[in-house]
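Look at the sequence and the structure before reading on.

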Amino acid sequence: MGFVHADGYHARVCGGSLRHVHLAVGHDPSTQMTVSFSSIRSSQAVYHRVGAVMVGTHPDQLDLYFEEQEPPRAYNATPVQEKHGHYYSPYQHHVQLQGLEPDTQYYYKCVILKPQDQHEQHEQQPHAGASRPPQRKDDKSLRGNPNINFEEEVLRAQEREEVTVDVDDDGVSTLDEDEGAPHDEDDNGSRRLAQRERRFLNLVYYDSTRAECPPPHKIRRFQTAPPIGSIGKKKNQQEGQEDGQQQQPPSLKFAYLGDLGQFTHSIENLKHLVTHQRSEISAIMLAGDIAYTGYDNRRWDTYFDFMDDFFMIDEIPMQICAGNHDIDKQENDSDIFLAYENRFRMPQVKPAELGTYQGPTGYLDMDAPDYPLPYEYGNSYYAFPYGVTHNIFLNAYASMEPTSSQYQWLVHELEAVDRSVTPWLIVTMHVPVYNGFDVHHHDLQIVAAKQHLEPLFVQYNVNLVVAGHIHAYQRTNNVALDILDPKGPVHVVVGAGGRQCKAQFRTEEPDPWMAVRDATRYGYGTLEIFNQTHAKWDWIITGESGKFRKWLALTCMFCTFCWQDHFESRLMSLFSLQFPSAISLMF
Ligand SMILES: [Fe+2]
């Protein structure tokens with residue numbers, strides 16, 4: 001179904017049906033979860049629809065009911081090219097589930113209430129959210145505009161059928177093998193340079209027309225976090241017990257992705273993550289540059305179509321931070337971060353204070369944006385505990401100056417962390433403080449983060465700082481203000497998520513703080529935490545079939561990391577690794 005435009009934009013038409021379901025943790029992930037999803041395009045709706053989620057601990061007994069606590073969000077944007085018409089987003093529904101049990105698997109179903117049912121549903125169902133009357137949207141002036149992308153009437157009829165709350169199926173669509181993706185034919189690690197160059201530069205967008213629309217009322221599931229300060233059960237323990245498998249030792253496992261996009265190599269990463277990690281990952285941390293829309297807001301819809309096809313972020317919460325490609329300023333407009341703020345709902349400190357771009361009109365170079373941009377609170381920066389970890393997400397494109405709201409909030413947040421409860425302190429932001437590659441060294445955001453934030457990371461003994469932005473993988477040794485120091489954080493760059501991976505080394509001889517650097521392979525990281533003192537980091541190359549080496553472990557001030565960076569052995573000669581004496585080799 002669907003169609004493919006001549007410009008390569010692969011639209012999937014689902015008739016305004018409920019889709020793009022994704023999760024994010026609440027302030028306390030052991031008892032709260034936010035379910036977000038899209039419904040009808042906002043340009044079409046006379047009334048916005050009320051979104052709700054039915055929840056239970058058994059798929060046949062969804063006996064909890066939550067309505068969205070705020071009216072659904074929508075935004076519009078001036079198009080880059082007039083031929084595309086003015087862009088109106090689908091309504092974005094964010095339903096906050098509260099009062100859940102820790103470490104518990106829940107099943108849920110997203111529903112959109114018919115306009116005539118909204119009042120009845122409010123009276124019939126116990127619900128946690130405050131009911132709100134439907135609000136009329138005056139769109140008469142839009143209907144005569146030929147530039148508006150109305151979907152076909154036949155699909156609107158289909159949409160009217162789909163808004164009923166009956167369970168119609170629990171099926172899943174299938175995803176074909178990506179025939180267009182380059183395959184590794186050499187298993188001995190001798191792939192030729194020409195083949196690798198092709199891999200670096202392949203920027204084919206995902207074609208979402210190759211899969212069906214997700215069933216609108218599919219029953220999905222998620223697992224709440226363990227109580228704050230504990231590891232809890234292994235995430236897949238319940239499934240293992242059902243299968244008669246042995247109980248596994250407890251652990252928490254997070255996946256770290258950066259600069260993901262919706263390209264051939266993004267597919268490789270998500271496929272690997274879904275195939276090998278989905279049952280174990282508790283949360284996905286996405287270090288910015290999310291959709292790579294290229295100034296075309298329609299690509300936010302194709303991005304979520306892409307994510308729909310991997311059945312992951314509707315089961316596993318995904319936490320995001322802002323990257324330069326998420327600014328989304330249109331050439332003819334001054335709005336910024338509209339999709340980033342409206343399509344996601346992170347555990348916010350306060351409601352967003354989102355301003356507009358005050359610089360010159362016209363084109364904004366996303367690779368060198370102004371600093372700072374007016375975006376406080378909301379999805380801009382926030383923090384949450386998860387088991388024995390405390391996770392802080394920062395926005396390098398908002399102000400990081402000591403007088404800024406973000407900086408002052410960060411100091412307060414760092415001071416408030418009780419390391420006896422959450423010993424693991426992890427920061428995720430888009431720009432790296434340490435950069436061994438020959439790009440982005442003069443970014444205003446990197447300069448500011450290095451000057452203002454790194455001293456805080458050192459002062460408050462942050463364990464791990466994860467960034468993207470550089471389309472590469474890099475891990476430092478423990479370092480504090482450019483000096484090797486076992487008390488300093490380890491900085492990791494995970495920007496090899498799918499966008500062009502081609503950065504050159506800044507110097508042939510790596511800096512003393514550099515442990516690993518590579519800009520030739522795509523991949524993602526996992527952090528598995530076993531207890532208050534031991535954890536393991538894995539860097540996983542995807543779409544590869546060569547033999548890998550596994551390495552090393554080190555002891556840091558508070559906790560013990562075990563590092564595993566997987567590379568083909570033939571690539572080892574590219575690296576000149578140096579390790580401080582505090583690190584003990586395990587392999
Ligand atoms: Fe970036």
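## Strands, sheet and helix

Strand β21, residues 473-476, pairs with β25 in the antiparallel sense over four bridges. One of the residues involved is Thr476, whose bridge partner in β25 is Met514. The model is a predicted one.

The two strands belong to an open sheet of seven strands with mixed pairing, in the order β17-β18-β19-β20-β24-β21-β25. Because β17 and β25 stand at the edges and each has a single partner strand, one side of each is left without a neighbour in the sheet. On average, neighbouring strands of this sheet are turned by 15° against each other, direction ignored.

The table lists the residue ranges of some strands named in this report.

| Strand | Residues |
|---|---|
| β17 | residues 382-386 |
| β21 | residues 473-476 |
| β25 | residues 514-518 |
| β12 | residues 252-257 |
| β26 | residues 523-529 |

Helix α6 covers residues 264-277, which is 14 residues. From its first C-alpha to its last, α6 reaches 20 Å, close to the 20 Å expected at 1.5 Å a residue. The buried residues of α6 are Thr264, His265, Ser266, Ile267, Glu268, Asn269, Leu270 and Leu273. These buried residues pack against β12 and β26.

The chain as a whole has 10 helices and 32 strands. Of its 587 residues, 49% count as buried. Among contacts between residues at least 6 apart in sequence, 76% join residues at least 24 apart.

Technical notes. Residues numbered from 1 in each chain as written. Predicted model: local features only at pLDDT ≥ 70, side-chain atom pairs only at ≥ 80, totals over all residues. Pairing = 2+ DSSP bridges. Axes fitted to C-alpha atoms, helices over the stretch in contact; angles between N-to-C directions. Buried ≥ 20, exposed ≤ 12 C-beta atoms within 10 Å, placed from the backbone. Contact = placed C-beta atoms within 7 Å. Expected span 1.5 Å × (residues − 1).
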